[in-house]
Amino acid sequence: MCPLTGRARLSYEHAEYLFKQATKNIDPTGAGYTLHQLRHSRLTHLGEDGWSSSMLMALSGHWNLRSLGIYVRPSTEAVAAALAEHDPGRRRH
């Protein structure tokens with residue numbers, strides 16, 4: 001129980017159960033996504049949006065790049081878009 005509101009708190013296990021139930025219809029395996037997969041996805045999307053490693057580490061609580069690298073997996077499309085944006089041939093002088 002929350003001491004401020006008197007309401008019951010949602011446990012991690014129950015939150016994950018609810019999230020899996022809500023995402024079953026969009027998960028190709030039909031099992032539903034986990035909260036841990038949501039964490040991976042959020043960090044990956046922020047990385048694709050240009051967040052620095054230090055910002056991602058501060059957000060996620062990671063202390064080194066190796067452990068952060070497990071979470072941040074940019075898509076091939078995101079890498080191609082970043083390369084195209086920074087291609088020296090496209091620069092106007």
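Confidence in the protein runs from a mean of 83 in helix H5 (residues 76-85), where it is lowest, to 95 in H1, where it is highest. The score here is pLDDT, the predictor's confidence in each residue on a scale from 0 to 100, and helices are DSSP runs (H or I, at least four residues; strands would be E, at least two), numbered from the N terminus. Averaged over the protein, pLDDT is 87, and 95% of the residues score at least 70. So that you know what you're looking at: this is a predicted model, in which local features need pLDDT of at least 70 and side-chain atom pairs count only at pLDDT 80 or more, while totals for chains, interfaces and linings use all residues. Residues are numbered from 1 along each chain as its sequence is written, and side-chain values use heavy atoms, with hydrogens and water left out.

Let's go to the inside. The largest nonpolar core has 7 residues: Leu-43, Leu-46, Leu-56, Met-57, Leu-68, Tyr-71 and Val-72. Helix H2 (35-48), helix H3 (53-60) and helix H4 (65-71) each give two or more residues to this core. A core in this sense is a set of buried Ala, Val, Leu, Ile, Met, Phe, Trp, Tyr and Cys residues joined through side-chain atoms within 4.5 Å. Buried means under 20% relative accessible area, exposed means over 50%, and partly exposed is in between (1.4 Å probe, protein chains only). In soluble globular proteins, nonpolar side chains tend to be buried together.

Now for some contacts, meaning heavy atoms within 4.5 Å; neighbours up to four places away in sequence are left out of the lists for Met-57, Thr-44, Ser-53 and Thr-34. Core residue Met-57 touches His-62, Trp-63, Asn-64, Leu-65 and Leu-68. Ser-53, in helix H3, touches Leu-65 and Leu-68. Is Ser-53 buried or partly exposed? Ser-53 counts as partly exposed because its relative accessibility is 38%.

Over on helix H2 sits Thr-44, and its partners are Tyr-71, Val-72, Arg-73 and Pro-74. Thr-44 is buried because its relative accessibility comes to 11%. Gln-37 is also placed in H2, but Gln-37 is partly exposed at 38% relative accessible area. From Gln-37 to Pro-74 is 14 Å, C-alpha to C-alpha, across 37 residues of sequence.

What about the loop between H1 and H2? Thr-34 is found there, in contact with Glu-16, Phe-19 and Lys-20. Its C-alpha is separated by 6.9 Å from that of Phe-19, 15 residues apart along the chain. At 19% relative accessibility, Thr-34 counts as buried. Gly-69 is partly exposed, at 31%.

Finally, the surface. Leu-10, Tyr-17 and Leu-18 make a nonpolar patch of about 310 Å². Leu-10 belongs to the segment before helix H1 (12-23), and Leu-10 is exposed because its relative accessible area is 54%. Patches are made of residues with over 30% relative accessible area and no salt bridge, joining like charges within 9 Å and nonpolar side chains (Val, Leu, Ile, Met, Phe, Trp, Tyr) within 5 Å. A salt bridge is a side-chain nitrogen of Lys or Arg within 4 Å of a carboxyl oxygen of Asp or Glu. The areas come from the Shrake-Rupley method with a 1.4 Å probe, and for residues, only the protein chains shown count as cover.
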